[in-house]
Amino acid sequence: MRAFLIHRTSLRSEALAFFASLGATHGVFIEPIFLRKSYGRKWKQQAESKIYSAEVVIIYDTASCSESENTQWEIEKAKELGKHIVSLSREEISTRKIGVLTSAYDFRSEFEECFSNPGSHQDTLELYKIMVASSEQLIQRRQITNGFFITIIGAIVGASGFVIKEKIVTDSTVLVLILPIVIGLLMCRSWRNLIQNYGRLNTGKFKVIHMLEQQMGAKIFAAEWIALGKGLRKEKYQSFTSTEQNVPNLFSYLLWIILAFTLFSTNWEDISEKFKNSWASTGEFIGQSYMSISTHLVGEADNNSTNPPVESPMGEPGGTK
């Protein structure tokens, strides 16, 4: 989350260390934006630009910021621009009570506002059906995506293994084998990212489903989640996302092994020598072509310079009797 940091310069190092540690302790990842200096002719313009580009404005240590005219100007400018402001007191910083900051990071208040005006029971039921159907369609797309990557990457692994076993590729043509392996590794990375995004998207859908269930008589999906230990009891339930990620990871390991075997078993000295010879032949050909063209042009120039002038029929060349 991009956050403009309003603070005293003397507390900058402390503030940066505090926000850097929130990722490990609270799962809140802050990208702080701040001014290097708050003086000069254009610092207010720079501050306004940075505040405008930030998602949220954080006041670090409200008591110390109240003693500075510059920080007070930045706070008023943030209010003028309509930015969400999160104030952290010294006590909240010391005890790490950052509930307001966590809520801003998760957009919790905005999420709850979406359900602030519930409709009729029939409308809620229809929305509930739409979200459940959407979640099922997402699972189907997820399976199709997994099948696509398994087919393509599996073919690359199988073909690479066959080529190595049958020694179809020689040292001089080894790059033909390395290229599809690298493509397979890149596809594994994309596959892993897609699985993670599908998992996050499905999590978001079920948060909406749980909120809709609060307006209904029974909370069947919420009850199912509780029965499975809310994902905290591995003996009861393990996330599909974490399990599915093992597949692209396994293919990645296989491709790395094949790539390493190919690189170490290749005679690179022979390839280097052939490359040098090919480069030397190319350079020699270019040199000969250049010399031939130069000789031809010089010959034409000599012929033009040695041609005798045409004599006048009156006697001397170009003269009179």
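Modeller: Let us begin with Arg-90, which counts as partly exposed at 31% relative accessibility (buried means under 20% relative accessible area, exposed over 50%, and partly exposed in between, with a 1.4 Å probe and protein chains only). This is a predicted model, in which local features need pLDDT of at least 70 and side-chain atom pairs count only at pLDDT 80 or more, whereas totals for chains, interfaces and linings use all residues. Residues are numbered from 1 along each chain as its sequence is written, and side-chain values use heavy atoms, leaving out hydrogens and water.

Biologist: With which residue does Arg-90 form a salt bridge at 2.6 Å?

Modeller: That partner is Glu-14, with 2.6 Å between the closest N and O atoms. A salt bridge here is a side-chain nitrogen of Lys or Arg within 4 Å of a carboxyl oxygen of Asp or Glu.

Biologist: Which residues are linked with Arg-90 in a network?

Modeller: Salt bridges connect Glu-14, Asp-61 and Arg-90 in a network. The closest N and O atoms of Arg-90 and Asp-61 are 2.9 Å apart. Those two residues are 29 apart in the chain, with Asp-61 in the loop between strand E3 (56-60) and helix H3 (62-65). Asp-61 is buried, with a relative accessible area of 8%.

Biologist: How many salt bridges are there by this rule?

Modeller: The count is six. One of them joins Glu-80 and Lys-77, at 3.3 Å from N to O.

Biologist: Is Lys-77 buried or exposed?

Modeller: Lys-77 is buried, at 12% relative accessible area, whereas Glu-80 counts as exposed at 60%. The two lie three residues apart in helix H4 (residues 69-80), which means a separation of about one helical turn.

Biologist: Changing topic: at what angle do H8 and H12 cross?

Modeller: The axes of H8 (residues 121-166) and H12 (residues 246-265) cross at roughly 25 degrees and come within 11 Å. Axes are lines fitted to C-alpha atoms, for helices over the stretch in contact, and angles run from 0 to 180 degrees between N-to-C directions.

Biologist: Which residues in H8 and H12 meet?

Modeller: Among them are Ile-153 and Val-157 in H8, and Phe-251 and Leu-255 in H12; contact means heavy atoms within 4.5 Å.

Terms used:
Helices (H or I, at least four residues) and strands (E, at least two) are DSSP runs, numbered from the N terminus.
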